[in-house]
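Me: Please take a close look at one part of this model, the surroundings of the ligand. I would like one connected account of what lies there, and then a few places elsewhere to set beside that part.

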Amino acid sequence: MRRITLGTRLTLWHISLLILVLTTFAVVSYRALDSSLRAELDRVLRERADHAALAVESVPNLSIAGISPGLSGEFASPGIYVQVLDETGRIVARSASLGADALPVHDDRLAEVLAGRSFYDVESITGQSVRLYHRPILRNGRVVGAVEVGGSLRNVEDTLARLQAIFVISIAVALIIAAAGSTVLTRLGLRPLTRLADHATRIERARDLAARIPYSGPSDEVGSLTITFNEMLARLETAFAAQQHFLAEAAHELRTPLASLLGNADLLARYGDDAERRAATLTAIRAEGRRTARLLSDLLLSVQADAGWRLELRPTPLADILCYVADNARLHANGVTIALADPPPVTLLGDADRLKQVFFNLVDNALKHTPTGGVISIQCSVFSGQSSATCAQLITDDWLLTTVTDTGEGIPPDALPHIFDRFYRAPGQSRGSGLGLAIACWIVEQHGGRIEAASRVGKGSAFSVWLPFHTSPL
Ligand code: ADP
């Protein structure tokens, strides 16, 4: 089935609306003219009947039959018929305009008029409709006869028929002109939109996210639609490039542990009989396996972060988390002192596992970059929203500031701005995937906080984690 275009639909709506308006106008005008013409005829009939009746009433001595012939001629005119009846209902006079015909006298109507009532009705006389006015003639308060004045309705009907024909023809012509005009105007009006749709289709077919739609028209709806569409293309382009980059980096990161696992498997196959080598190879395989599992879970979390996944926050005591991380790190500290100052007993809304991951990453990084004999200290303090000027975000909430400081090698100044980027590793670093800090940053932001880093090469680094501690859900 052929699809109805927007242009056709708009034209049809215009035409339908026009038909409605013109038809209403025509019907109202027709009705108004109809009732006005009929009212005018009624007024003339009544006036003539009144004059005729008054003329009879004003000559009390003469018989009605004697006066009437003159009257019926005097008050008649072409298309107006006058007929006078005596009190028995006998026709005593008829106007010449009636020719050989007479106005019909029905018993019931006669009875009504002789009872003293005036009224209108319509009769068909020689094939044409005639409006009639019946009026009693009174003398000294007594009904002595009746006058009937008729007016042909032909003029009224002819006028209305002409008006009807004019309306039908002019509405038809107006609709034809409006349909043609509306088609042209709608097409002209929709041309920028059609052009926009054509461009969008071409871009979609070419799968070219770098393309943009040119627009030089006014800043109307089409202009803002074009801008929005171009912005959407730019976002799609960036997202697509980020996705490609992520996939390439993820594949690259997974290649190293996999190659190591395969190499160790070969070693196991070749020297499996040697108990010492077998034990060493299995230890290496386990370590690589753990490393790969961690990498995969980091990659998964990164994808979930991109997909807009949100953490579920529950009341969480931060002190427990910091103690757990410090105790765990001490197990493989390799001669580095891990000092945890007494954390304040504060409960914040958070995801305990993810917060552990944040501090575990920070302490693990510090351990990786701090030589034996160095110190890693974890400190936590509460800041009132009003009193701290360190963090620009602080307004009214209370904040927990946790710092992880090390006395390690430090981070070069040119690397410092990039350490929170995904897959970033400082030059010369081959360990790690470069995902740890990016994930830590995302987790902290999910808690409504922020993470900052400061470092001096050769002196050490300090990572500050600001977490709001609300009493209501974030
Ligand atoms: P990775 O998992 O590779 O360590 P991260 O995102 O955790 O990745 O860290 C990114 C980079 O930041 C690391 O490659 C390292 O060079 C640097 N870095 C992080 N923490 C420290 C630290 N405490 N001391 C020195 N360098 C650090």
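Reply: A residue counts as buried when its relative accessible area is under 20%, as exposed when that value is over 50%, and as partly exposed in between (1.4 Å probe, protein chains only). The model is predicted, with local features resting on pLDDT of at least 70 and side-chain atom pairs on pLDDT 80 or more, while totals for chains, interfaces and linings use all residues. Residues are numbered from 1 along each chain as its sequence is written, and side-chain values use heavy atoms, leaving out hydrogens and water.

Around the ligand there are 21 residues (a heavy atom within 4 Å), of which N365, D406, A426, G434 and L437 come nearest. By class, this shell is made up of eight nonpolar, nine polar and four charged residues, where Ala, Val, Leu, Ile, Met, Phe, Trp, Tyr, Cys and Pro are taken as nonpolar, Asp, Glu, Lys and Arg as charged, and the others, Gly among them, as polar. Three elements, α8 (352-369), α9 (436-446) and β12 (460-468), each supply at least two residues of the shell, and α8 gives the most, with four residues; helices (H or I, at least four residues) and strands (E, at least two) are DSSP runs numbered from the N terminus.

Helix α9, one of the contributors to the shell, is itself mostly covered, since ten of its eleven residues are buried. The buried residues are G436, L437, A438, I439, A440, C441, W442, I443, V444 and Q446, and L437 is also among the residues that come nearest to the ligand. The cover over these buried residues includes α6 (275-306), α8, β11 (450-456) and β12, contact meaning heavy atoms within 4.5 Å. Beyond the helix, α9 is followed by G448, whose phi is positive, near 80°. In the loop between β10 (399-406) and α9 lies F423, which has a positive phi of about 70° although it is not a glycine; F423 counts as buried because its relative accessibility is 9%.

Some places elsewhere can be set beside this part. N140, in the loop between β4 (128-139) and β5 (142-152), likewise has a positive phi, of about 50°, without being a glycine, but N140 counts as exposed because its relative accessibility is 81%. In strand β6 (residues 314-317) sits T316, which is buried because its relative accessible area is 5%; leaving aside residues up to four places away in sequence, T316 touches I321, V346, T347, L348, G350, D351 and A352. In helix α4 (residues 154-206), by contrast, one finds R187, which is exposed because its relative accessible area is 60%, and whose C-alpha lies 17 Å from that of D220, a residue 33 places away in sequence.
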